[in-house]
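Let's take a quick tour of some side chains and how they sit together. Have the sequence and the 3D view open as you read.

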Amino acid sequence: MAAPQLLIDQLKLLIESPETYGNEEQRHEIKRLGRLASVALEAPFETMQRLVYSLLPLVAARIGQDCALFSTLEASQGPSDLAELSGASGLEPRILESIMDYLCTQGIVVEAEKQRYMPTKLSHLLLVPLFNDAVTHFHDNCLPGFAALHRILKEPWDSHMTAFKLGQHTDEDFYTWLETHPANQAAFHRFMEAQFASLPTWLDVFDVKTELGRDAGPTDIMFVDVGGGNGSQCPGLTKVWPDMPGKMILQDKPQVLEKALRVDGMEMMGHDFLTEQPVRDARAYYFRQVMHNYDDKICIAILKAHGGAMGEHSVILIDDKVLPDDGPPTGSPGVEYTAALSLAMKVVFDSMERRESHWRDLLHRAGLAIQDIRKFTRFHDAIIVARKV
Ligand SMILES: C[S@@+](CC[C@H](N)C(=O)[O-])C[C@H]1O[C@@H](n2cnc3c(N)ncnc32)[C@H](O)[C@@H]1O
């Protein structure tokens, strides 16, 4: 029999200490059912409001970060009033009041007294560099493209057009555009470096010492991080393999390398991965989150550009999502995230996340044999180990 008051009391208990409420599986089920329950309870007018304003949490978070609302709340000893927030942000009090009202409805800030606001766990999180960079990247770099996706899908365009280009009114692809938008470029690369920091990595399922290091000497090239961005993989590698013989090389566009991490023992080399790989006989050519930026034709061209450089000990390591061929049920953990990421790839690069059979076909066409596919997160992040046929 329905017992609404019991449910209300239970939800209040849950909100007080969410981390200790039930086990992980139960918490996932509560989140799933909670969202379905919230939608089920909506009146049509509320459903419309939820949909039409669905981009506002991202927009409000960007304003809160960029206009120093969150940092002002954080620095204040007690609640901050509108005058203080207006002084810090430069925002006119009337629009500021609406922004604060909206942030309160999202649980990002709280109104402790009339028009006096306090930070929350969420506003604190939005000040963490990773969250700051993530919001900047998705708001400034991707949002105009998301808004153009339906036009790209509906109308005929030439094959070079993407929703990103349409939304940003540019002819340049994402990475070329970043070169003239240094703040966006820096936010993107820091986001790429840090977004998976709390998750397991390929180094948890790939024993570099035994799988790459056999008979290796100081002149061997052990690891080439191709399109490696900030170079976040090399510190991880030296941590698990401090006495690694030989060299590690970070390759990317010269302009990206200028701002990359400085890591002991890591060399940097400007290289366009669409051209022949100049580093020969490396033990591993590693690609993290590179292939999902491209369609099959370009991925095959990138992989084939490495064929000539690969020696008998060389492997190609692809660190990307390998989605199961039989899509998991809609409510399973991570499905919303991986489906959204795939749409983001479509928007920015006109590419998609790939399923396992797609990867197998792609690598076969590139003249490579898959030796193993090892998953290391519940979001289907995997390392694909491939050799030359
Ligand atoms: C999605 S990011 C991944 C970066 C890094 N592997 C990581 O996981 O953090 C793709 C990277 O490819 C680089 N890139 C794009 N086009 C390139 C090209 N033609 N040659 C070399 N690197 C390129 C970008 O600068 C960027 O760092």
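This is a predicted model: local features need pLDDT of at least 70, side-chain atom pairs count only at pLDDT 80 or more; totals for chains, interfaces and linings use all residues.

From here we'll look at ring pairs, then at one histidine.

**Aromatic pairs**

- Searching the whole structure turns up 14 aromatic pairs.
- One of them is Y175 with F349, a stacked pair with 5.6 Å centre to centre and 25 degrees between the planes.
- That pair ties together distant parts of the chain, since Y175 belongs to helix α11 and F349 to helix α17, 174 residues apart.
- F349 is buried, with a relative accessible area of 17%.
- Y337 and F379 make an edge-to-face pair, because their planes are at 85 degrees, and their ring centres are 5.2 Å apart.
- This pair also links distant parts of the chain: Y337 is in helix α17, while F379 is in the loop between β10 and β11, 42 residues away.
- Y337 counts as partly exposed at 30% relative accessibility, whereas F379 counts as buried at 15%.
- Ring pairs also join F164, F174, Y175, W177, F188 and F349 into a cluster.

**A look at H306**

- H306 is part of helix α16, which covers residues 296-307.
- Is H306 buried or exposed? Its relative accessible area is 0%, so H306 is buried.

Conventions: Residues are numbered from 1 along each chain as its sequence is written. Side-chain values use heavy atoms; hydrogens and water are left out. Helices (H or I, at least four residues) and strands (E, at least two) are DSSP runs, numbered from the N terminus. Buried means under 20% relative accessible area, exposed over 50%, partly exposed in between (1.4 Å probe, protein chains only). Rings of Phe, Tyr and Trp (its six-membered ring) pair if their centres lie within 6.5 Å; planes under 30 degrees apart count as stacked, over 60 as edge-to-face and the rest as tilted.
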